[in-house]
Amino acid sequence: MFYRLAAEGVLLFHLAFIVFAVFGAVLAARWQWLIVVHLPAAAWGFLVELIGRACPLTYAENYFRIKAGQLGYAESFIEHYLLPLVYPAGLTRGVQLSLAAAVIVINLAIYGWLLYRKRADA
């Protein structure tokens, strides 16, 4: 039971990390100190997608699932959980590069807006 709960905890943390990496700049509008946490998270999300490697959290979740007597999965978190919802046909290298670009574009847009707003207030 512990290993199953640990796997589910890692899964939830993984999902929260992905959402934070993509949209964490929105939180920086309220709490500017989050920038020092968000920028490395966004860079990591970009890097993982760019090089096409699985995140260590995927390995951790698989470890706990196997210890719980469940099957792990060979693909990445995005391929296993999110891709079937967004891209039912499967993950290609082009899709991975698009996801990497989306992390950068979304965050540049949000940080650009924050910088514009800060300069307008000054």
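The model is predicted, so to speak of local features a pLDDT of at least 70 is needed, side-chain atom pairs count only at pLDDT 80 or more, and totals for chains, interfaces and linings use all residues. Residues are numbered from 1 along each chain as its sequence is written, and side-chain values use heavy atoms, with hydrogens and water left out.

**The chain as a whole**

Welcome to a chain with 5 helices and 0 strands, running α-α-α-α-α from the N terminus on. Helices here are DSSP runs of H or I with at least four residues, and strands are runs of E with at least two.

| Property of the chain | Value |
|---|---|
| Buried residues (under 20% relative accessible area, 1.4 Å probe) | 32% of 122 residues |
| Accessible surface (Shrake-Rupley method, 1.4 Å probe) | about 7,900 Å² |
| Share of that surface on carbon and sulfur atoms | 72% |

**Where α1 meets α3**

The axes of helix α1 (residues 2-28) and helix α3 (residues 56-67) come within 7 Å and cross at roughly 160°. These axes are lines fitted to C-alpha atoms over the stretch in contact, with angles from 0 to 180 degrees between N-to-C directions. The two helices are therefore roughly antiparallel, a term for angles over 145 degrees.

Which residues make the contact? From α1 come Y3, A6, A7, E8, V10, L11, F13 and H14, and from α3 come L57, T58, A60, E61, F64, R65 and K67. Contact means heavy atoms within 4.5 Å.

How values were computed
Parallel < 35°, antiparallel > 145°, perpendicular 65-115°, else oblique. Buried < 20%, exposed > 50% of the residue type's maximum accessible area, 1.4 Å probe, protein only.
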